[in-house]
Amino acid sequence: MTAPAALLADAVTLRFGALRALDDVSISVNPGEIVSLIGPNGAGKTTLLNVVSGLLPAESGRILIGGNDISRDPPNKRSLAGLRRTFQHARLADDLTVMENVLIGASIADYPGSLFGEWLCLPSRTAKLRAQRDHAMALLASLDLADIAELHVRQLSFGRKKLIDLVRALMTSPSILLMDEPTAGLSEAEIETLIAVVNRLRASTTVLLVAHHMGFVAKVANSVICLVAGRVIARGTPREMQSDPKVLAAYMGTS
């Protein structure tokens, strides 16, 4: 018996008034696979991530994780099921430190037990907090960010905020990770570090990402899906997509 896809969007449609932002979109991502969504601005890439993560309700169609239909689950329930995401613009608390922001990501896994433990100062909770902090430092170090752990987020560049957003998403070791424009605002050196981190994820995490940086896509993605006007027009390897006439016409602007 064939194992179900780690993530499946089945015939997803979403309209904003007369605009079909997603038009009968179906994609599947297998366990351990890294799939990149590409396409021109307004193609529906971020909208699809929003539907998968539960921030937007689909008009029709289904979202499945490991064969389980989560279409009606709110975002927090999907997160507890192992799905985490990053955003085009990192949603961080500017007045908190990097470490404090990252530890917020860990609290999702054991809420509300974490809250009661903090109120009672339980020894088990104290030990868990130490372990979470050690885990956070290891993740920060993997992205060369350990030295800024105690800085306030408001002191960071746009690109570094994006990396902190990723670290926070990784704190619960998600089984599925959605990444929206992860390379935006990053230097080439930071992108190379990110490539190494994302490639290590495939051992335990299924990744669906939106990206315009084709060098990044070529180095991390098993396959690429091109969306145009809310529809899937092509899927293939990064090399195949670079020479696909439909992709060149729609995404790169060649005729």
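**Close-up views of a predicted model**

**View 1. Helix 7 and its buried side.** In helix 7, the residues Ile-191, Thr-193, Leu-194, Ile-195, Val-197, Val-198 and Leu-201 are buried, where buried means under 20% relative accessible area with a 1.4 Å probe and protein chains only. The helix covers residues 188–201, and its 14 residues reach 20 Å from the first C-alpha to the last, close to the 20 Å expected at 1.5 Å a residue, the expected span being 1.5 Å times one less than the number of residues. Helices (H or I, at least four residues) and strands (E, at least two) are DSSP runs numbered from the N terminus. This is a predicted model, in which local features need pLDDT of at least 70 and side-chain atom pairs count only at pLDDT 80 or more, while totals for chains, interfaces and linings use all residues. Residues are numbered from 1 along each chain as its sequence is written, and side-chain values use heavy atoms, with hydrogens and water left out.

**View 2. The nonpolar cores.** A nonpolar core is a set of buried Ala, Val, Leu, Ile, Met, Phe, Trp, Tyr and Cys residues joined through side-chain atoms within 4.5 Å. The largest has 45 residues, and Leu-140, Ile-164, Leu-194 and Phe-216 touch the most other members. Apart from this core lies another, of 25 residues, which includes Leu-7, Leu-22, Val-29 and Ile-176.

View 3. The strands follow the order 2-1-4-5 with antiparallel pairing, and two strands pair if DSSP finds at least two bridges between them. Strand 2 (19–29) and strand 5 (68–69) each have a single partner strand, so one side of each is left without a neighbour in the sheet. Strand 1 (residues 7–16) runs antiparallel to strand 2 and is joined to it by seven bridges, with Ala-9 standing opposite Ile-27 of strand 2.

**View 4. Thr-97 in its loop.** Thr-97 lies in the loop between strand 6 (83–85) and helix 3 (98–110), and it counts as buried because its relative accessibility is 8%. Leaving out residues up to four places away in sequence, Thr-97 touches Ala-149, Glu-150, Leu-151, His-152 and Val-153, contact meaning heavy atoms within 4.5 Å.

**View 5. The lining of the largest cavity.** The largest cavity has a lining that includes Thr-86, Phe-87, Met-179, Pro-182 and Leu-194. Helix 6 (residues 158–170) gives the largest share of this lining, four residues. On a 1 Å grid over the protein atoms alone, a cavity is a set of points where a 1.4 Å probe fits but cannot get out, and lining residues have an atom within 4 Å of a point.

Key
Buried means under 20% relative accessible area, exposed over 50%, partly exposed in between (1.4 Å probe, protein chains only). On a 1 Å grid over the protein atoms alone, a cavity is a set of points where a 1.4 Å probe fits but cannot get out, and a pocket is an open set with protein on both sides within 12 Å along at least five of seven lines; lining residues have an atom within 4 Å of a point.
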